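This briefing is meant to be read beside the sequence and the model. Please keep both in view while going through the points below.

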Amino acid sequence: MDTKYLEIIKAPVITEKAGSLAQMKNQYVFKVDSRANKTEIKQAIEKIFKVKVQEIRTINVKPKKRRVGRYTGLTNRTKKAIVTLAEGQSIELN
């Protein structure tokens, strides 16, 4: 497996909403590199997990204001990908 693909896919998103998407609609959510496009994300998911990807939707998550004491700042900008797999395919995220 090429390390290029591991740089594109940062981590799975493990939340209640992501879990219900996986169960109901066979969709999985991943944090991805903000410079990656849908084609690169699709190739990376197919190579890493050995599944057939049907559709990719991406979301650019804007930074939010946060405050610690008297200091204010912004959270990091991220990108998420919602991956829909072909019928009968699944990814085991443990």
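What share of the contacts in the protein with a separation of 6 or more is accounted for by residues 24 or more positions apart? Such residues account for 58% of those contacts, where contact means heavy atoms within 4.5 Å. The model is a predicted one, in which local features need pLDDT of at least 70 and side-chain atom pairs count only at pLDDT 80 or more, while totals for chains, interfaces and linings use all residues. Residues are numbered from 1 along each chain as its sequence is written, and side-chain values use heavy atoms, with hydrogens and water left out.

**Overall make-up**

- The protein has three helices and six strands, which follow one another from the N terminus as α-β-α-β-α-β-β-β-β; helices (H or I, at least four residues) and strands (E, at least two) are DSSP runs, numbered from the N terminus.
- Along the principal axes, the C-alpha atoms fill a box of roughly 50 × 30 × 20 Å.
- The accessible surface comes to about 7100 Å², and 48% of this surface belongs to carbon and sulfur atoms, with areas taken from the Shrake-Rupley method with a 1.4 Å probe and, for residues, only the protein chains shown counted as cover.
- Of the 94 residues, 31% count as buried, meaning under 20% relative accessible area, as against exposed at over 50% and partly exposed in between (1.4 Å probe, protein chains only).

**Sheet and hairpin**

- Four strands form an open sheet in the order 1-2-6-3 with antiparallel pairing, where two strands pair if DSSP finds at least two bridges between them.
- Strand 1 (9–12) and strand 3 (53–61) are at the edges and have a single partner strand each, so one side of each is left without a neighbour in the sheet.
- From one strand to the next, the twist averages 30 degrees.
- Eight bridges link strand 3 and strand 6 (residues 78–85) in the antiparallel sense, and Val61 stands opposite Thr78 in strand 6.
- Strand 4 (residues 65–68) and strand 5 (residues 71–74) run antiparallel and are joined by four bridges, with Tyr71 in strand 5 as the bridge partner of Val68.
- The hairpin of strand 4 and strand 5 has two residues between the strands, and Gly69 takes a positive phi near 65 degrees there.

**Helix packing**

- Helix 3 (residues 38–49) lies across strand 1, strand 2, strand 3 and strand 6, and runs at about 120 degrees to strand 3; axes are lines fitted to C-alpha atoms, for helices over the stretch in contact, and angles run from 0 to 180 degrees between N-to-C directions.

**Nonpolar cores**

- The largest nonpolar core has 18 residues, of which Ile9, Phe30, Ile41, Ile45, Val83, Leu85 and Ile91 touch the most other members; such a core is a set of buried Ala, Val, Leu, Ile, Met, Phe, Trp, Tyr and Cys residues joined through side-chain atoms within 4.5 Å.
- Helix 1 (3–8), strand 2, helix 3, strand 3 and strand 6 are the elements that give two or more residues to this core, and the largest share, four residues, comes from helix 3.
- A second, separate core of five residues includes Val13, Ala18, Leu21 and Ile82.

**Salt bridge**

- The count comes to one salt bridge, a term that stands for a side-chain nitrogen of Lys or Arg within 4 Å of a carboxyl oxygen of Asp or Glu.
- Arg35 and Asp33 meet in a salt bridge through their side chains at 3.2 Å, N to O; Arg35 counts as exposed at 71% relative accessibility, whereas Asp33 is buried with a relative accessible area of 15%.
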